[in-house]
Every structure is written in structure tokens, then in C-alpha cells.
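My plan is to look things up one by one and jot down what turns up.

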Amino acid sequence: MVSAGKQDDRNAPIRLGMVGGGQGAFIGGVHRMASRLDGHYQLVAGALSSNPERARASAAELGLSPDRSYGSFEEMAEAESAREDGIEAVSIVTPNHMHFPAAKTFLEAGIHVICDKPMTSNLDDAKKLAEIAEKSGRLFVLTHNYSGYPLIRQARQMVVDGVLGEITLIQAEYPQDWLTEPIEAEGQKQASWRTDPKQSGAGGAIGDIGTHAYQLGSFVSGLKAESVAADLDHFVDGRKLDDNAHVMLRYGERNGRRAKGMIWVSQVAPGNENGLKLRIYGTKGGLEWEQENPNYLRYTPFGEPTRILTRGGPGTGEAAASVTRIPPGHPEGYLEAFATLYTEAAGAIRAMRGGGSRPEGLHLPDVSDGVDGLRFVEACVKSSQADAAWTRLNSL
């Protein structure tokens, strides 16, 4: 088990390692920038590629010491957990099928895990990983980064405060267009693994971006889906996984009322870059938020004109202010939202140094969100295979 490295200063930078994210990777760079933004982490070790030559070259580009550039995550976990100055946390930014073995290895070595979504490539592994994380006593963070946006935190607090009344409708969409042509056949790295069931799992677009849309709706509304009716398609000939999905959702009953929802996700919708949108409606009003214009939240009390809430502006509260870095009118976006999760994780890791307990009241997505996300994906796949039959999530 890795020690706290005899840290006398709980505010010292957290020693971070990374699995995956080497040359040619997209999300690894995002995680590195997010970890650095608020100054809470120092990247000191990595197993950055399954290709040893690329791993060494990637480590050199990032300034890692050659003796802390590893050929495998197993080697890294063993070596770093034995060092007095070993890593305290690891970022896992590999294709989906490697999340489970890597996370398991580091948790069992006593190292906190920050993992890209979805948590694993299948529900069975997600359930196993949840048990491992619980037994380890280490922090497990799932980077559903959109939950870190200030106005998403504002929207969530408004729901908690009852501003919208009882929630009735949850509408989410997440269209992209980057897979409109079969670029995986040309060897495009991001497309190749995302459209490969062996690496991505049973879901294509529904797993890659559908889990974001589903988690965001649940995060803001506080509701979990009980059942789904899903229609999954692939519009590109020869593609093995879905690239478009339409999903209806039935949420659990609260105060005698059952909310309904709809999700549309697509990676073959020309003219859309990263069009994540969320609409939440209740008996007293509605909210609308767009990821591509994230510093604005539309709030409409029933029977009154629509109000535009701005990040840091009048009408927003502490929930948004606590994750806002710069004054109103200066856009904050994707990297800052990612950094919010890293910063909240840093607070928890520091509190746990020396045997301390995890702080209460964190909004960090964790293993329960990971299991819920894989239940959603597998329920959607099962429903679609049964001609969009209603499928209960807790039956899986």
C-alpha cells in the first residue's frame, strides 16, 4: 500500500500518475491541463502507451524522469506503491476496455483513481470495480466533466431548492457529426477504438456521449431512470456499434409524481460539433443549458418572461460561485469544468492524507455513477435489440 509519502504539508501538490494519454491521444492532454489549472497536482509518472517506444517518447515530451516512465500499468503500480515519494493518484485515460484492469490494480495498491468515462466497458466489471473501490478505502472519481460547469451547479441547486417545483420532464440531446463518414476504416485513432466493440463495449454513441447526457440529467434533477425504451442505429455501412440513438426514459416516483425523459445522441448529425443540451421542466418552471454556450442558463418561471442567468451574474448563488474562477463576461468552459472535478478531488485526497476521512458534501461523480451509467448503456442495447421494448435498469 502506498503511504502518504511522509507528507507533513497537506497542501503540497498531489503526486499524479497517468495511464494512457500518450502521443496521438486526445483526452490525456485534457486531463493533464485540467490537473494543472488550479495548481493542485504534479505529474511525476506514467504508463502512457501500450507501445513501449511511444510511451518513452511521450514521457520525454512531458518531462517525466525516464525511471518513472513504465511499460505497463502493472509495473507502474508496483513500483510507485513501493516508493516513499510514489504517486498518490492516477489518471486513467485509456480506451474503455482497459479502465477496469488498470483501476483495479491501482486501487488494490492503495492509490486514488481518477478515471475517464464510462467507468468500464461492461456492467459486470463496473459492479466488481465498485466493490473493489469500496473495499480499498481509496477515492474513485469518474470524470463526467459537464457536471463541473458553474451554471450546471446553479441548475442543480435550483432544483434542490424547489425553484422548479416537482420535476416532470428531463430532455437531453448530444449531437456530433465527426463520425458521419467511416473514418475508422482510414485508421483514425479516436474513431478506431470508439467503434470497436472489443475496446468500447456494447455501446457506441450511447456509451461515448449518451452516458454524459444521461448523467447530466440525473445530476441536475436528482432523479435516476427506472426504465428505458431505446432505438439504436448505425447509419454508416459496416459500422459495428451505434452512431445514433433515441431513448425514452421513465424516472422513479417522487412525491406521487413520475418524471419522464428523452435523450437523443448522434455522431452522424452534420452541422453539430459538440451540441450537448439539457432542459429540465417542473410544475413551477423550466431551465435550459447548452454546453457550447455554457455561461448562460435560461430560467423561465411558469407564466413569466424568460430570464437569462449568467455565470457570476445576478441571480446565481454559492453553488455556481464556488466553482467560478474569473469575472462575468470572461468565458469559462470545457477545461475549467474538468479542472473543477480535479480540484474537488484534490481537496478530498488532501483530507485523506495521513488516514483522514473523505469530506462530506462533494459533488464528484463516483463508482455509483459509473455503475448507473453502464446499466443505462446495457439497458438501451437490450431494449433496442427487442424492438425498443421498455427495459428496467435494475433488472440488469
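**Ground rules**

I start with a term: helices (H or I, at least four residues) and strands (E, at least two) are DSSP runs, numbered from the N terminus. I am reading a predicted model, where local features need pLDDT of at least 70, side-chain atom pairs count only at pLDDT 80 or more, and totals for chains, interfaces and linings use all residues. Residues are numbered from 1 along each chain as its sequence is written, and side-chain values use heavy atoms, with hydrogens and water left out.

**Entry 1: the whole chain**

I looked up the secondary structure and found 13 helices and 14 strands in the chain. Next I checked the radius of gyration, which is taken over C-alpha atoms. The rule for a globule is 2.2 Å times the number of residues to the power 0.38. For 396 residues a compact globule would come out near 21 Å, and the chain agrees, with 21 Å. Along the principal axes, the C-alpha atoms fill a box of roughly 65 × 50 × 40 Å.

How much of the chain is buried? I noted 55% of the 396 residues, where buried means under 20% relative accessible area, exposed over 50%, and partly exposed in between (1.4 Å probe, protein chains only). I also looked at contacts, meaning heavy atoms within 4.5 Å. Of those with a separation of 6 or more, 69% are between residues 24 or more positions apart.

**Entry 2: the open sheet**

In what order do the five strands of the open sheet lie? I wrote down 2-1-3-4-5, with parallel pairing. Two strands count as paired if DSSP finds at least two bridges between them. Strand 2 (41-47) and strand 5 (140-142) are at the edges with a single partner strand each, so one side of each has no neighbour in the sheet. On average, neighbouring strands here are turned by 25° against each other, direction ignored.

Then I went through the pairs. Strand 1 (residues 14-20) pairs with strand 2 over six bridges, in the parallel sense. Ile14 has Tyr41 in strand 2 as its bridge partner. Helix 3 (residues 73-82) packs on the sheet and touches strand 1, strand 2 and strand 3 (89-93). The direction of helix 3 makes about 130° with that of strand 2. For such angles, axes are lines fitted to C-alpha atoms, for helices over the stretch in contact, and the angles run from 0 to 180 degrees between N-to-C directions.

**Entry 3: strand 3**

I gave strand 3 its own entry. Five bridges join strand 3 to strand 1, and four join strand 3 to strand 4 (residues 112-115); both pairs run parallel. Ile92 stands opposite Val19 and has Cys115 in strand 4 as a bridge partner.

Is strand 3 mostly covered or open? I found it mostly covered, with five of its five residues buried. Ala89, Ser91 and Val93 point one way, while Val90 and Ile92 point the other way.

**Entry 4: two cores**

A nonpolar core is a set of buried Ala, Val, Leu, Ile, Met, Phe, Trp, Tyr and Cys residues joined through side-chain atoms within 4.5 Å. I learned that in soluble globular proteins, nonpolar side chains tend to be buried together.

The largest core here has 47 residues, and those with the most contacts inside it are Ile206, Val247, Leu249, Ile263, Val265 and Phe376. A second, separate core has 32 residues, including Ile87, Ala103, Val113 and Ala126.

**Entry 5: Val367**

I found Val367 in helix 13 (residues 367-385). Val367 is buried, at 16% relative accessible area. What does Val367 contact beyond its neighbours within four places in sequence? I listed Met119, Ala130, Ala133 and Phe140.

**Entry 6: backbone notes**

I saw that the peptide bond from Lys117 to Pro118 is cis, with omega near -10°. Pro118 sits in the loop between strand 4 and helix 5 (123-136).

My last stop was the loop between helix 13 and strand 14 (391-392), where Asp387 is placed. Asp387 has phi near 60°, a positive value in a residue other than glycine, and is exposed at 71% relative accessible area. Ala388 is in the loop between helix 13 and strand 14 as well, with phi near 65°, and is partly exposed at 29%.
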